[in-house]
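Thanks for coming. I will take a few minutes to walk through one structure, sheets first and then the contact between the chains.

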Amino acid sequence: MIDKIELNLLKEIADLHGIPTGAYNIRKNGQSEGRGQSAHIHIENREDGRGIVITVDPGTKNESVHIPVIISKTGHEETVYNDFYIGEDADVTVIAGCGIHNSGACGTRHDGIHSFYVGKNARVVYVEKHYGDGEGTGERVMNPKTVLHLGEGAKVEMNTTQIKGVDSTVRETEAHLAANAVLEISEKIMTHGKQFAKTAFSVDLNGDGSACHVVSRSVAKEDSRQEYHSIMNGNARCTGRTECDAIIMDNGKVSAVPRVSANNVDAALAHEAAIGRIAGEQLVKFMTLGLTEKEAEEQIIAGFLK
Amino acid sequence: MLSLENVRFSVNTEAGKKEILSGVSFTVDSPFTVITGPNGGGKSTIAKLISGIYTPDSGRIVFNGEDITGLSVTQRAKAGISYAFQTPVRFKGITVSDLLNVASGRTLSVVEACDFLSSVGLCARDYLDREVNASLSGGELKRIEIATVLARKTPFAVFDEPEAGIDLWSFASLIRVFENVREQINGNIVIISHQERILNIADRIVVISGGKVDRAGTKEEILPTLFGQDSACSVLKGKMD
């Protein structure tokens, strides 16, 4: 049974208002709460019992799979391994995410390790949202790791969002791209209170014609801290670009440590990092349109993290 | 109707206090007023004082009988004053439609947003979802800036050098935008401008020079005094006389 609190977690992380149709696996407090298969997407337990294996048949088009994780039991800690095998020429959307409701004093932690093996010319949109709530004093901790292996001509679009309620997160993303593979990553993070978020990307552009674009936008409010690390290795004729754009407010602190390494004369890599407070003129523009300073701030941040 | 009454304004510089406006008084009571004059004379400062971005050292600003000198930018905006920036502000993630919605105070339908954009010569389909960032040209940003002011439908609007920073081609069509606006206004519009074609559609012209009102009057009175002689030169001439 999924109760109201859990339903809210599902809504926040997966935009789900109940049990989804098609392929899905809902994990609740470490147990499978429900699973659905489709004709072309299969979900099995891993042999070691520490997660699931999702297999998408070659040529599967326009299907989606939901694999939300919800934790409502205070003190629950887990590490989960999920493997995705995406067949050649498939075109699918994977909606993952973790919601923690912690009403107790013990820490709750979910570490999700997702490995993707994306076949030739397949396309994947991977959406991952992290959310936490609950009135308890226990920490809500999530440490996601995503490992992406993109085959020839494969394309992965990865959109991750962590806007509210996660006290501590270390997010790691590792990618290996074969020829003509394309990876686009868009990350949105907002931290407040005493939260800490670290994000680290490591991308190997191994095949000719491969391309990667990482855009990280974040807001650090109050006493929160964030770190952005990115390593991009251009090992072939490739293009790579990382952007870290951060707004700091109050006592928020952000550091960006980018590294781009071109190991091939035809590798073209670029990095851009901008950290600073909201520009005064942006606030004034919205104030001349009738918003108060606080409303202007909210509007600018909402747009920035949209 | 808006009046400046003996407004003084100074800034602190490394060399000490520098007076930008030394007692400026004039009233805007006709539909279309153009403020002109040499660079550095204090024109943009007047626009910022009207919108509340700057506060005068002394003097009063009166809007429809109410003393608004102490009101904040937000309060003045709510009182019905709009301000178009000389250099439009760029954002990250804020779209044209976000700006138009905030400006109009509600979520506009595509048809309504289209009306505002087409009156500045832009097609809504191409622009509503565009981010207001560096990917837009100077001319496009200017038009969007003007559209946000039009969307507010306030009885008073001040445009700070709408021609600044845009190329000649964009300028020609911008003039048409203001000719259009001229037809539609039901309040007072103030434009700070150097352009003869904008001065040509004015009802009244105020010449600001050296931090003071040099002269003011109807277009017929002032326009002939502006061209054919360099205005900076005429100021010097006045001093020599």
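**Sheets, helices and a chain contact**

Strand E1 (residues 2-13) and strand E4 (residues 58-63) of chain B run antiparallel and are joined by five bridges. Helices (H or I, at least four residues) and strands (E, at least two) are DSSP runs, numbered from the N terminus. Before going on, please note that this is a predicted model, in which local features need pLDDT of at least 70 and side-chain atom pairs count only at pLDDT 80 or more, while totals for chains, interfaces and linings use all residues. Residues are numbered from 1 along each chain as its sequence is written, and chains are lettered from A and ligands numbered from 1 in the order in which they are written.

Back to that pair of strands. B:Leu4 has B:Ile61 in E4(B) as its bridge partner. Both strands belong to an open sheet of four strands, ordered E2-E1-E4-E5 (chain B), with antiparallel pairing. Strand E2 (16-28) and strand E5 (66-67) of chain B are the edge strands, each pairing on one side only. Two strands pair here if DSSP finds at least two bridges between them. H1(B) lies across E1, E2 and E4 of chain B, at about 115° to E1(B). For such angles, axes are lines fitted to C-alpha atoms, for helices over the stretch in contact, and angles run from 0 to 180 degrees between N-to-C directions.

Chain B also has an open sheet of six strands, in the order E6-E7-E8-E3-E9-E10, and its pairing is mixed. Which strands stand at the edges? They are E6 and strand E10 (212-218) of chain B; each has a single partner strand, so one side of each is left without a neighbour in the sheet. On average, neighbouring strands of this sheet are turned by 15° against each other, direction ignored. Within it, E7(B) and strand E8 (residues 188-192) of chain B pair in the parallel sense over five bridges, and B:Phe159 stands opposite B:Ile191 in E8(B). Helix H9 (residues 219-226) of chain B packs on the sheet, where it touches strand E3 (32-36), strand E9 (204-209) and E10 of chain B, and its direction makes about 125° with that of E10(B).

Now the contact between the chains. How many residues does each chain give? Chain A gives 17 residues and chain B gives 20 residues. Two residues are in contact if their C-beta atoms, placed from the backbone, lie within 7 Å. On the side of chain A that touches chain B, the elements giving two or more residues are H2 and H3 of chain A. H2(A) supplies the largest share of that side, seven residues. By class, that side of chain A has seven nonpolar, six polar and four charged residues. In this count Ala, Val, Leu, Ile, Met, Phe, Trp, Tyr, Cys and Pro are nonpolar, Asp, Glu, Lys and Arg are charged, and the others, Gly among them, are polar.

Take H2(A) by itself. This helix is mostly covered, with seven of its nine residues buried. A residue is buried if 20 or more other C-beta atoms lie within 10 Å of its own, exposed if 12 or fewer, and partly exposed in between, with C-beta atoms placed from the backbone. The buried residues of H2(A) include A:Leu283, A:Val284, A:Phe286 and A:Met287. What covers the buried residues of H2(A) includes H3 of chain A, together with helix H1 (43-51), helix H2 (73-79), strand E6 (81-84) and H3 of chain B. After H2(A) comes A:Gly290, whose phi is positive, near 105°.

Next is helix H3 (residues 293-304) of chain A, with 12 residues. Its buried residues are A:Ala296, A:Gln299, A:Ile300 and A:Phe304. Seen down the axis of H3(A), these fall within an arc of 130°, so they line one face of the helix; the arc is that of the directions from the helix axis to the C-beta atoms. The face turned away from the buried side of H3(A) carries the exposed residues A:Lys294 and A:Ala302. The buried residues of H3(A) pack against strand E16 (210-220), strand E18 (238-248) and helix H2 (280-288) of chain A, together with helix H3 (96-104) of chain B.

Last, a loop residue. B:Lys153 has a positive phi of about 50° although it is not a glycine, and it is found in the loop between helix H6 (138-152) and strand E7 (156-160) of chain B.

Terms used:
The expected span of a helix is 1.5 Å times one less than its number of residues.
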